[in-house]
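Please look over the following structure together with its sequence.

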Amino acid sequence: MTTEVTGAGSASSPHPGSSGQAPEQRSRGGRRGDAEQVRRTREVSTGFIVSRIAVLGIVAALLIYALPPLIQTEAWTALGVVGVVTALVAYLYLTPRHIPAKYLVPGTIFLIAFAIVPIVLTFITAFTNFGDGHRGTKDEAIRAIETSSVTQVPGSPEYYLTIAESDGKMVFLLVDPATKAVQAGTADGLSPVAGADVSLTGKVLSAAGYTVIPTAQAAERDAEIAAFSVPTAGGAVKATGLSRAFEGKADKSYDAACDCVTSPSGGRWVADEVEGYFVDAEGKHLDQGWKVDVGFANFAKALTDPTISGHFLNVLIWNFVFALSAVATTFALGMIVALALHSPRVRGTKFYRIMLILPYAMPGFAMLLIWRDMFNTDFGLISKLFGVHDWLGTPTTARLGLIVINLWMGFPYMFLVITGALQAVPRELTDAARIDGASAWAGFRRVTLPLVLVALTPLLISSFGFNFNNFNNIKLVTNGGPYAIDNSTVGATDLLISYTYRVAGFDSGVADFGFAAAISVFIFAIVATVSTVAFWRSRAQEEVYS
Amino acid sequence: MRIRTAGVIAAAGLLMLGVAACGGTNEPAATPSKDKGNGKLVLWTDPTRAPVLKPFAEAFGKENGVTVEVKEISENQQQTFITASQQGSGPDIMVGAHDWIGNMVQNGAIDPVQLTAEQKAAFHPNAIKAVTFNGQIYGAPYAMENVALIRNTELVPTAPATIEDLIKTGKELKAAKKVQEILCVPFGAAGDVYHTYPLFSAAGGSLFGTTASGDPDPSKVTVNTPESIAALEKMKALGEKGEGAIKTSIGNENGIPSFVQKKCAFLISGPWSMNDVKKAGFAYDITAVPGFAAGGQAKPFLGVQAFYVAAKGKSKVLAQEFVANYVTNKDVALALYNADPRPAALTAAADAVKSLDPNAEKFVLAGANGIPMPAIPAMGAIWGPMANAEVAVVKGGDAKTAAEAAAKTITAEINK
């Protein structure tokens, strides 16, 4: 966004926030006006106004888009947050004041939305048993238990259903397929209907005193039909779709008095608020559970459960080895290649650069699968070149293989950023070093590398953070394997993140988000600590060299 | 790589934001009275089935005067469905494999479907058995699938009667340099319990005991019984240190292509391999996976594709109408088969196409001894540890150690 008035732009009207203050006029190339004046007066161009209107329009559109679903689901807190944020953004960009905030707020909103909120939610989840079987509230679990226990009353007819109305109230017209007798079902019960006109497929076409609702209109009243039930001696008649009904009976029902689920056949399951299940006397629970707070149980499990904590240290060590080797190898190769191409004597650098960026430009997932197949024991390229060996089935070679694959995938990135950094190193410094009699190596070691590192340390730290959690490489190439014969929980190449993924049950499709969140908190703590220390040290380094 | 992850992080962030937005309220998202049935039906399925189901869904919509939206969910359909349902943004109807039922039920994501006695009788008994969980029917089955032995009849004219025969023939062909591998059964470095289950079960192995009602019983894990250990011994004999018929170097990615390229004369796979096998241009036949000479029959897992009524859908009555009364219709089932030829679950539809597509019929016959894949949530605890035990024995590890370790992990996971 430009804040300078260009010739044509100055003719445009001032934006609402600065009404009353004429935009400062300034001829092209003319002297800059009084500094104080410039600071207080904002200058506008057409592009500026258009872009501002567009941004505010998008913000308003997002608000309008978010309103109906939030109101429908009665998410008042979320609605409040959205409203306040929108109002804040609108105010901020319609007022001439708070100029620093104009630059800070968009980034801050995204930081809160995409970094802080997920972290906070992860922390909160870590203290619950949220996962498969424990996703909803207790009320939802009760409703699911009751609904799932509804069975057809033995011997009851499987009615054909026609939906009708009488005196503005909904009525189920039920046709017994065997006798073709027609009954009307209301909220009061069943009553016979005489002289109804019934089609061959069992639909009631007309009946005295009732208005048949056409299917399309009935479909519009879905929720009403779903909630409608006709009480009978044995249970209640409910609709199965729009054309059939059955007499059903719930086998299980919730009793608030004892906070338990009971069954007429004698079962009794008492609510266990610690586990989030209804449990019977033998300790067996009903399938449907609910979400409860479990305190530090997930953290305690990660630290004390021998099948988990017993491997934690080994996984952690390999995790560090992998992340550090990943950064070191990609940085070293990237540096070598970048230095080689930085030399003015090399011809065709553009061609080489394009070729070198190719591994980076290709879809990572496909590349990883191709690499995995290249390591195949019997059919892979690696076996053809170096002899048949169970490459990914032997811990040492599997680990080396992963580092090699990561090197191939990662060095173009390092090459790119180092090339950029090298171009910022003044040639006179290296020339001066050479004149002073430094060897090429000493020049690199004492002049180029420190200068490049100042610029690249933050990138190396982020690369470490990324590789520390390099889930894709592990998941797609070895899936954590090879595993020991007696241990299917953790494999030789598991990183904390792939290990979390497995122990949290994502692999088997039965997820335990609470526990996964607890391990994620550990990983977060480790990466945050390492990064903080590294940044702190790199700041010291910056002070030395700059 | 940074750029790629940025997108993922942003997407994850958005997802979390969605969760946050819904977390603001403690009220269940959809209480029936406040919920308007809006005359719209939403159906979720995977990308291969979406184009097939679309015309049928639209025909249903026309018939009932409603709009129907068929949405494809590209991957992780079960978790996506459960998560979206919980948030109140899920579909009215879900299409998927029957072994999801246990998990969907424990999350309260699907409702039972009331089929009439007549409707139930029209299905293959195994299909009804597969969608039954805790005595309730939870979905309307429409297609069944199981693995079978597919063989190149140019190399092997007659089907092997036993696994020993199969190995012998395979070895002879390998010695004559006609093939490179004895058998192609997708196994891979991570193991594959599903594809090898016919062999494991033929050798006497099993995963769960049964309850009084004949359902798999999660409190009786049987992977370390003497029978199952003996079965793992037999898999070891077929493995890399034995006959070399089961190999970690043959997996899902290269199993079918190897058969098509005549690297092996036998393939254990399902109806999904037919497109590739047909294109290979050689004669083939489909038979049941044989049993061992001394032992029981091979029992492949039966998988059933079914329609489910979402418990938290907005148009539940319409969804029930579609699932219970529309897709259970023979003509609809037949049309579905024609669009996507998988063995139909509706007996009448299966009979009608018998003469048109012999392959479908052969797969059904090959699955005659099959058992429906257990739909209990505990099945999720089986896959990883069992696959690991199989990988260990195939590589020559001790069967008893492997079985005991697997049983320990599985039991711990089920009881957690």
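Among contacts in chain B between residues at least 6 apart in sequence, what percentage join residues at least 24 apart? The share is 75%, where two residues count as in contact if their C-beta atoms, placed from the backbone, lie within 7 Å. The model is predicted, so to speak of local features requires pLDDT of at least 70 and side-chain atom pairs count only at pLDDT 80 or more, whereas totals for chains, interfaces and linings use all residues. Residues are numbered from 1 along each chain as its sequence is written, while chains are lettered from A and ligands numbered from 1 in the order in which they are written.

**Chain B as a whole**

- Chain B contains 17 helices and 14 strands, taken as DSSP runs numbered from the N terminus (helices are H or I with at least four residues, strands are E with at least two).
- With a radius of gyration of 23 Å, close to the 22 Å that the globule rule gives for 416 residues, chain B is as compact as a globular protein of that length; the radius is taken over C-alpha atoms, and the rule is 2.2 Å times the number of residues to the power 0.38.
- The C-alpha trace of chain B spans about 70 × 55 × 50 Å along its principal axes.
- Of the 416 residues of chain B, 56% count as buried, a label that asks for 20 or more other C-beta atoms within 10 Å of a residue's own, with 12 or fewer making it exposed and values in between partly exposed, and with C-beta atoms placed from the backbone.

**Domains of chain B**

- The domain assignment, which is automatic or from a database, gives domain 1 (36–145 + 303–372) and domain 2 (148–299 + 377–414).
- The C-alpha centres of domain 1 and domain 2 of chain B lie 29 Å apart, and their contact takes 15 residues from domain 1 and 13 residues from domain 2.
- On the domain 1 side of this contact, α4 and α15 (358–366) of chain B each give two or more residues, and α15(B) provides the largest share, five residues.

**Contact between the chains**

- The contact between the chains takes 75 residues from chain B and 74 residues from chain A.
- Elements of chain B that give two or more residues to the side touching chain A include α1 (2–23), α16 (379–394) and α17 (399–414), and α1(B) gives the largest share, 13 residues.
- By class, that side of chain B has 31 nonpolar, 32 polar and 12 charged residues, where Ala, Val, Leu, Ile, Met, Phe, Trp, Tyr, Cys and Pro count as nonpolar, Asp, Glu, Lys and Arg as charged, and the others, Gly among them, as polar.

**Nonpolar core**

- The largest nonpolar core has 231 residues, and those with the most contacts inside it are A:Phe172 and B:Ile93; such a core is a set of buried Ala, Val, Leu, Ile, Met, Phe, Trp, Tyr and Cys residues joined through C-beta atoms within 7 Å.
- Leaving aside neighbours within four places in sequence, B:Ile93 is in contact with residues including B:Leu41, B:Phe307 and B:Phe322.

**Local features**

- Strands β9 (residues 208–210) and β10 (residues 216–221) of chain B run antiparallel and are joined by three bridges, pairing being assigned if DSSP finds at least two bridges.
- These strands, β9(B) and β10(B), form a hairpin with five residues between them, and B:Gly214 in the turn has a positive phi of about 90°.
- A:Ala196, in the loop between β5 (189–192) and β6 (197–198) of chain A, is buried, with 23 other C-beta atoms within 10 Å.
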